[in-house]
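Thanks for asking me to look this one over. My notes follow below the model, as numbered points on charge pairs and helix packing.

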Amino acid sequence: MTNSEHTSVLITGGNKGLGFEAARRLGEEGWTIFLGSRDEGRGRAAADKLTAGGANVVLVPLDVTSDESVADAVRLVRKHTDRLDVLINNAGAPGHAVAPADATAGEIHSVYDTNVYGPIRVTHAFLPLLRAADHPRVVMVSSGGGSFAVVTDPEQPVSKMHELAYSSSKAALNMITVRYAQALPDIKFNVATPGEVANRKFAATDMNRHTGELTVTEGTDSIVRLAMIAPDGPTGTFIDRLGPVGW
């Protein structure tokens, strides 16, 4: 585990669900939390709640689909720190589960704008601050639905969920993470899924209307673990809370 003293993390989509729970848990470790939220009002309420629990929180209005918003977020974070230790790209869009025969480019694009282009926008913009840290880490929050190994397993429920946007966007995010890891060895880039692939379970969040069998705390186990890896820890890996996940 890393030394928590003065450790900073930016979490996109941090006002609820997995992002909020990761913020709560890392706040308890003494980290400075830059809480990214597209909705400033909801973000303020979430930040106030975390602050009341003893966390050191800075609200960062952040829409990952907007270059201007991301640039503003960088300027705000720079007012508080000259480095960023950890970036958690958590903000995500589920799409509308449109059947492949009915899916349009517009449906795919709207999901990709958040799930694929969003992490690229944010990662690119914050690379200078990450590079200024002694041990920078980036955690991409993906899904078992983005794994070819999972989707092609007929025993997995997601193999029968016929849609294009969400699963393909997460598969793209997985590849993007691996390519970052290969090209930028001084930064740890890893992928987390909040489910338990082997047990065919997923975490209860707004995205699935809280139908998951795992708690949101269990869902953040893999995210927090990757955020806290040591300098000799892995890069370019894909895990859930139980261990490695097949690509």
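1. A salt bridge here is a side-chain nitrogen of Lys or Arg within 4 Å of a carboxyl oxygen of Asp or Glu. Side chains of opposite charge can pair when their charged atoms come close. A search of the whole structure finds 10 salt bridges.

2. Before the details, a word on the source. This is a predicted model, where local features need pLDDT of at least 70 and side-chain atom pairs count only at pLDDT 80 or more, while totals for chains, interfaces and linings use all residues. Residues are numbered from 1 along each chain as its sequence is written, and side-chain values use heavy atoms, with hydrogens and water left out.

3. Let me start with E28 and R24, whose closest N and O atoms are 2.9 Å apart in a salt bridge. Both sit in helix 1 (residues 17-28), and because they are four residues apart, about one helical turn separates them. (Helices are DSSP runs of H or I with at least four residues, strands are E runs of at least two, and both are numbered from the N terminus.) E28 counts as exposed at 60% relative accessibility, whereas R24 is partly exposed at 29%. For these words, buried means under 20% relative accessible area, exposed over 50% and partly exposed in between, with a 1.4 Å probe and protein chains only.

4. Next, R83 and D85 meet through their side chains in a salt bridge of 2.4 Å, N to O. R83 is partly exposed at 24% relative accessibility, and D85 is buried at 8%.

5. Which parts of the chain does the pair of E196 and R241 link? Their salt bridge has its closest N and O atoms 2.5 Å apart. The pair connects distant parts of the chain, 45 residues apart: E196 lies in the loop between strand 6 (188-192) and helix 8 (216-219), and R241 in the loop between strand 7 (238-240) and strand 8 (243-244). E196 is buried at 6% relative accessibility, while R241 is partly exposed at 21%. Both also belong to a network of salt bridges that links R25, E196, D221 and R241.

6. Now to helix packing. Helix 3 (residues 67-78) and helix 5 (residues 117-131) pack at an angle of about 25°, their axes 10 Å apart. Axes are lines fitted to C-alpha atoms, for helices over the stretch in contact, and angles run from 0 to 180 degrees between N-to-C directions. The two helices are therefore roughly parallel to each other, a term for angles under 35 degrees. From helix 3, D67, V70, A73, V74, V77 and R78 make the contact (heavy atoms within 4.5 Å); from helix 5 come R121, V122, A125, F126, P128 and L129. These residues divide into nine nonpolar, no polar and three charged. In this scheme Ala, Val, Leu, Ile, Met, Phe, Trp, Tyr, Cys and Pro are nonpolar, Asp, Glu, Lys and Arg are charged, and the others, Gly among them, are polar.

7. Helix 4 (residues 105-115) has E107, V111, Y112, D113, T114 and N115 buried. What covers them includes helix 5 and helix 7 (165-183).

8. Helix 4 packs with helix 5 at an angle of about 30°, with axes 3 Å apart, which means that the two are roughly parallel. H109, Y112, D113, T114 and N115 of helix 4 meet Y117, G118, P119 and R121 of helix 5. The contact residues divide into three nonpolar, four polar and two charged.

Terms used. Parallel < 35°, antiparallel > 145°, perpendicular 65-115°, else oblique.
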